[in-house]
Amino acid sequence: MDDKRSAHGVDKQWVVLNELAFLLVNQGKKVPEEVFSRLRTAKNIISYYLLDEHTTFNTLLKANNELSKVQSILFTLCEEDLAKEYMEKLTLAMMDKLDVEFPLDRNLFNAEVKKRRNVHSIRVRLDGELQPEILSNFSEWYGVIFEYSRELEDCIVIEGEENRVKNALKNFATVWRFLRENSTAGKY
């Protein structure tokens, strides 16, 4: 992925706030679960934005909104010196001048992402195995994300814009039937 899409520093802000949250926990501060929930949501939105060229800039704004809420909670828990240090890091991150690596999550099937308005997803149980390259090809052909589910074994998740998901599912049904017929005929 050479011409990686830019997240305009929102990804780096996530890294800084995630680091601060865990630092505060290690210091014995009571960091509310809401912080970690919002961090997970923001991470998924940012990953989705970076991986799917069809997502709009507004998607990134939703992640930024989550991070603003995280920031307001975390900075109230900081001592003055720590707040200054992380405010400076956050400023550099906002300007996209901080050298940190966002942990891009390539498996986007997640409850937080699934709840977003334009994203639809469906699970399909497989009776056989497909190579990741095949799923990658399906993703490119149909403009949706085909991934193995993290939550359920032997399930594929198809995720994207509703009409694209329906079209992909219709075409994927042929492969699904083929796997089903061949796995029941040749069990070892």
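Rings of Phe, Tyr and Trp (its six-membered ring) count as a pair here when their centres lie within 6.5 Å; planes under 30 degrees apart are stacked, over 60 edge-to-face, and the rest tilted. This is a predicted model, with local features needing pLDDT of at least 70 and side-chain atom pairs pLDDT 80 or more, while totals for chains, interfaces and linings use all residues. Side-chain values use heavy atoms, leaving out hydrogens and water, and residues are numbered from 1 along each chain as its sequence is written.

**View 1. Aromatic pairs.** By that rule there are 2 aromatic pairs. The ring centres of Trp-14 and Phe-102 sit 5.4 Å apart with planes at 80 degrees, so this one is edge-to-face. Trp-14 is buried at 7% relative accessible area, and so is Phe-102 at 6% (buried is under 20%, exposed over 50%, partly exposed in between; 1.4 Å probe, protein chains only). Phe-22 and Phe-36 have centres 5.3 Å apart and planes at 55 degrees, so they are tilted. Phe-22 is partly exposed at 44%, whereas Phe-36 is buried at 15%.

View 2. Glu-66 is part of helix H3 (residues 57-77); helices (H or I, at least four residues) and strands (E, at least two) are DSSP runs numbered from the N terminus. With 15% relative accessibility, Glu-66 is buried. Beyond neighbours within four places in sequence, Glu-66 contacts Arg-38, Thr-41 and Ala-42 (heavy atoms within 4.5 Å).

**View 3. Arg-5 over Tyr-49.** Arg-5 lies over the face of Tyr-49, 3.9 Å from the ring centre. The rule wants NZ of Lys or CZ of Arg within 6 Å of the ring centre and within 35 degrees of the ring normal.
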